Amino acid sequence: MTRTLWHDHDWHLIHTAPQSPALHMALDEVLTHEVGAGHRPPTLRVWEWAAPAVVIGRFQSLRNEVDAEAARSHGIEVVRRVSGGGAMFIEPGNTITWSIYAPLSLIKGMSFQEAYAWMDAWTLEALGELGIKAWYQPLNDITSEGGKIAGAAQAHRGGAVLHHVTMAYDIDAAKMLQVLRIGREKLSDKGTQSAAKRVDPLRSQTGLSRAAIIDHMIATFRRLHGLAEDTLSPAELAEAAELARGKFSREEWTADVA
Amino acid sequence: MHGEYKMPGGKLVVVDLQVREGCLRGVQVSGDFFLEPDEALHAIDAALEGQSADADEHLLAAAIRAKLAPGVMMYGISPEAIAVAVRRAIDPHLAHQGRDA
């Protein structure tokens with residue numbers, strides 16, 4: 001396998017109507033597999049959320065990370081994703097999330113740290129065009145002078161890399177802190193006292209609507225790497241719907257790390 | 001019993017366990033780290049299961065390393081960081097003494 005560049009690939013865009021949290025988890029698994037198997041061209045998928053959710057990382061403890069009672073009382077679904085990293089608190093209008101599914105050749109020979117920065121070089125450029133001076137803070141955060149903007153996670157599966165990012169557009173920090181248990185140890189080397197203060201969302205930094213930021217991000221990706229409009233195939237959607245039901249909505253998966 | 005350790009420049013490692021008859025039981029390692037392939041987490045838990053509660057960090061880290069399949073990749077976590085979290089779970093006062101790694 002030789003290293004490939006962004007321009008060596010025919011990038012496709014999927015940006016559909018809002019979908020459930022469990023279906024989003026399942027689509028990441030299905031589309032990573034499809035790209036790895038060569039059944040689908042490398043793809044950028046922009047997520048639209050149908051419901052609020054807490055998305056915990058592959059290796060996080062469900063009971064340690066989430067106050068289940070608070071999540072229930074706020075009507076927030078808790079799902080576990082296929083990649084590592086930390087919990088995300090999602091409300092549909094408050095976050096901007098996307099996944100990139102690419103052949104592993106795109107990051108061949110790179111350290112983890114290099115691969116994260118490489119997969120988000122276009123993101124930093126797009127943010128710069130919006131007037132935000134942003135940079136990568138290893139291991140997997142995108143930050144700015146005002147504070148953290150986004151978190152990224154990667155997973156390798158069968159010849160493909162999944163790289164997904166969630167950016168904070170706006171945030172209800174009080175609600176987040178009711179639902180997520182964020183301990184002091186996690187913040188011990190961050191130089192800040194609270195998780196809420198760490199995040200400076202895009203709404204306050206740009207004054208733009210969420211949709212306008214998404215349009216701009218897509219336009220930047222298209223200009224830098226090329227991007228053709230695409231949709232989920234009926235087979236991809238059916239497989240993901242089945243996985244959402246049979247795996248990602250089930251306790252066996254969500255509480256796999258109890 | 002519960003221990004946490006934020007690896008400097010890395011991610012949070014959390015360990016929940018019990019000690020029965022001087023041995024570690026029901027060990028669960030968790031956190032916001034990255035691990036490929038994901039099944040390696042179960043190998044790490046299994047490596048710690050049954051270890052002596054007196055085992056030091058060096059020994060615990062070696063036990064984890066010995067159980068990891070070739071090609072396992074860790075990002076933001078290491079056998080040594082997991083061992084620190086295990087010791088903190090067993091001896092909670094360690095967490096208040098600052099960096100003891």
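The model is predicted: local features need pLDDT of at least 70, side-chain atom pairs count only at pLDDT 80 or more, and totals for chains, interfaces and linings use all residues. Residues are numbered from 1 along each chain as its sequence is written, while chains are lettered from A and ligands numbered from 1 in the order in which they are written.

The model has an ipTM of 0.94 and a pTM of 0.94. Chain B has an average pLDDT of 93 (the predictor's confidence in each residue, from 0 to 100).

Chain A contains 11 helices and 11 strands (DSSP runs: H or I of at least four residues for helices, E of at least two for strands, numbered from the N terminus). Its radius of gyration, taken over C-alpha atoms, is 17 Å. Buried residues make up 42% of chain A (buried: 20 or more other C-beta atoms within 10 Å of the residue's own, with C-beta atoms placed from the backbone).

The largest nonpolar core has 95 residues (buried Ala, Val, Leu, Ile, Met, Phe, Trp, Tyr and Cys joined through C-beta atoms within 7 Å). Helix 1 of chain A, residues 21-36, gives the most to this core, with 8 residues. A:V54 is among the members that touch the most others. Beyond four places in sequence, the contacts of A:V54 include A:V66, A:F89 and A:L180 (contact: C-beta atoms, placed from the backbone, within 7 Å).

The contact between the chains takes 19 residues from chain A and 20 from chain B.

Conventions
A residue is buried if 20 or more other C-beta atoms lie within 10 Å of its own, exposed if 12 or fewer, and partly exposed in between; C-beta atoms are placed from the backbone. Two residues are in contact if their C-beta atoms, placed from the backbone, lie within 7 Å. The radius of gyration is taken over C-alpha atoms; the globule rule is 2.2 Å times the number of residues to the power 0.38.
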